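User: Hi! Could you walk me through this structure with some questions and answers?

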Amino acid sequence: MTSLSNSIKNNEYNLSRYITLAVEGEIDQVTQLVDSYISDGKTVKDVLLKMFMPSLVNIGDLWKKGLLNIAEEHLAVTVTLSQIERLTQSLVPNGEIIGTAAICTPVGEKHFIGPKVVSELMRLSGWNVHFLGTEMPTEDLIQFLGEKEIDLLVLSITLEENLPGVLEIVKAVKAMDKSVVTMLGGSGVESIDENLLNDVDIISSDVSSAIIEASRLVSSTTLNGNLEDYLSFIGEKVKRTRILKGWNQQKLADESGLDRTYISSVENGKQNLTLGVLLRIGNAFGIDIQTLINRE
Ligand code: B12
């Protein structure tokens with residue numbers, strides 16, 4: 001175990017202790033360690049990004065260096081994924097959702113952990129997520145998208161050689177008679193010429209900015225210059241900003257000095273908004289009116 005600890009790239013989260021416990025399958029002690037950070041005031045998102053993510057990368061490296069065998073690597077990964085699920089499960093605010101996403105990898109791409117982590121981060125940001133796993137055949141995926149109400153398809157590739165599989169899926173999605181936003185990421189896209197990916201709506205390897213962009217695209221409505229469209233667009237935007245902050249309607253009502261039922265009708269596009277109300281809501285979020293009503 002000493003050579004294991006010495007090979008771990010550590011940070012303020014004592015990754016070395018975490019990984020050692022996870023490799024041993026000491027679930028109670030892992031849970032205690034994770035919860036101690038939450039009690040110390042760390043957010044779930046911080047723990048996810050700064051503790052679990054680097055742990056998964058370290059676990060992979062240790063396996064690659066031969067310091068963990070496949071059984072130990074699988075155990076440590078499984079323990080980590082169940083901790084991620086444990087922490088994120090309780091956090092989707094009031095079951096309110098920004099939209100529904102399906103996440104998978106194309107045929108040929110077996111790397112599972114990256115897209116799984118992305119799916120948990122999306123859930124944490126207010127998305128309803130169907131994680132479909134790896135190596136999804138295009139035909140079955142298109143059938144699934146056709147039958148369900150899916151706003152966003154998230155594809156992940158670690159190996160650049162799987163780009164043709166992505167392009168095949170995106171082409172088939174664009175040929176569908178319904179609109180599904182497509183998003184692609186993963187370390188396999190880092191050095192790809194973006195011109196090859198013109199048909200993909202969002203390309204990014206940074207999860208946080210990709211999620212914000214996806215929320216923006218999915219909630220944008222077509223504005224034909226009529227009042228109803230504008231009110232429903234602003235309402236969606238207020239709702240999305242509120243959910244991304246982890247607030248419920250009551251919290252926004254308290255922060256803006258408005259009534260909760262009023263907030264509800266704003267979000268549903270049913271209130272003919274005054275500048276005064278926009279100012280109050282913007283101030284509550286800490287953004288100006290311009291940003292609040294801007295289509296970006
Ligand atoms: C574990 C692992 C495997 C496992 C996967 C097990 C599983 N269930 O996933 C197994 C053993 C199956 C495997 C197989 C192979 N692997 Co491998 N593998 C790894 C390893 C060690 C860890 C990957 C990992 O889980 N990282 C942790 C996650 C959290 O990081 P991530 O995937 O990058 O995801 C993050 C971001 O990329 C991003 N992200 C991911 N998806 C998306 C999507 C969107 C939309 C967005 C916005 C962001 C995003 O978010 C995540 C969080 O930040 C890496 C090396 C490493 N240390 O990373 C090699 C590595 C990825 N593998 C590699 C290779 C070459 C292979 C094989 C070809 C090996 C072989 N010769 O057989 C096969 C190919 C299998 C296949 N066809 O897919 C290379 C890839 C090199 C390259 N760029 O081409 C690596 C880098 C190792 C290396 N240095 O050689 N591998």
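Analyst: Happy to! One definition to begin with: helix axes are lines fitted to C-alpha atoms over the stretch in contact, and the angles between N-to-C directions run from 0 to 180 degrees. Please keep in mind that this is a predicted model.

User: Thanks! How are α4 and helix α5 oriented to each other, roughly parallel or roughly antiparallel?

Analyst: The axes of α4 and helix α5 (residues 70-89) cross at roughly 170° and come within 10 Å. Angles over 145 degrees count as roughly antiparallel. Therefore the arrangement of α4 and α5 is roughly antiparallel.

User: Which class do 11 residues of the contact of α4 with α5 belong to?

Analyst: On the α4 side the contact includes V44, L48, F52 and W63, and on the α5 side A76, V77, I84 and L87 are among the residues. The contact divides into 4 polar residues, 1 charged residue and 11 that are nonpolar.

User: And how do α11 and α12 lie relative to each other, roughly parallel or roughly perpendicular?

Analyst: Helix α11 (residues 249-256) packs on helix α12 (residues 260-267) with axes 8 Å apart and an angle of about 110°. Angles of 65 to 115 degrees fall in a single class, so α11 and α12 are roughly perpendicular.

User: Which residues of α12 make that contact with α11?

Analyst: From α11, the contact takes Q249, Q250, L252 and A253. Its partners in α12 are R260, I263 and S264.

User: Let's turn to the ligand. Which two domains does the ligand lie between?

Analyst: The chain is divided into domain 1 (2-89), domain 2 (95-217) and domain 3 (227-293). Residues of the shell around the ligand come from two of these domains, so the ligand lies between domain 1 and domain 2.

User: Which element gives the largest share of the shell around the ligand?

Analyst: The ligand is surrounded by 30 residues, with G60, I113, G114, S156 and G185 the closest. Elements giving two or more residues include α6 (113-124), β3 (152-156) and β4 (181-185). The largest share, 7 residues, comes from α4.

User: Which strands stand at the edges of the sheet, and why is one side of each left without a neighbour?

Analyst: The open sheet has 5 strands, paired in parallel in the order β2-β1-β3-β4-β5. Each edge strand has a single partner strand, so one of its sides has no neighbour in the sheet; these strands are β2 (128-131) and β5 (202-203).

Key. Residues are numbered from 1 along each chain as its sequence is written. This is a predicted model: local features need pLDDT of at least 70, side-chain atom pairs count only at pLDDT 80 or more; totals for chains, interfaces and linings use all residues. Domain bounds come from an automatic or database domain assignment. A residue is near a molecule or strand if its C-beta atom, placed from the backbone, lies within 6 Å of it. Helices (H or I, at least four residues) and strands (E, at least two) are DSSP runs, numbered from the N terminus. Two strands pair if DSSP finds at least two bridges between them. Angles under 35 degrees count as roughly parallel, over 145 as roughly antiparallel, 65 to 115 as roughly perpendicular and the rest as oblique. Two residues are in contact if their C-beta atoms, placed from the backbone, lie within 7 Å. Ala, Val, Leu, Ile, Met, Phe, Trp, Tyr, Cys and Pro count as nonpolar, Asp, Glu, Lys and Arg as charged, and the others, Gly among them, as polar.
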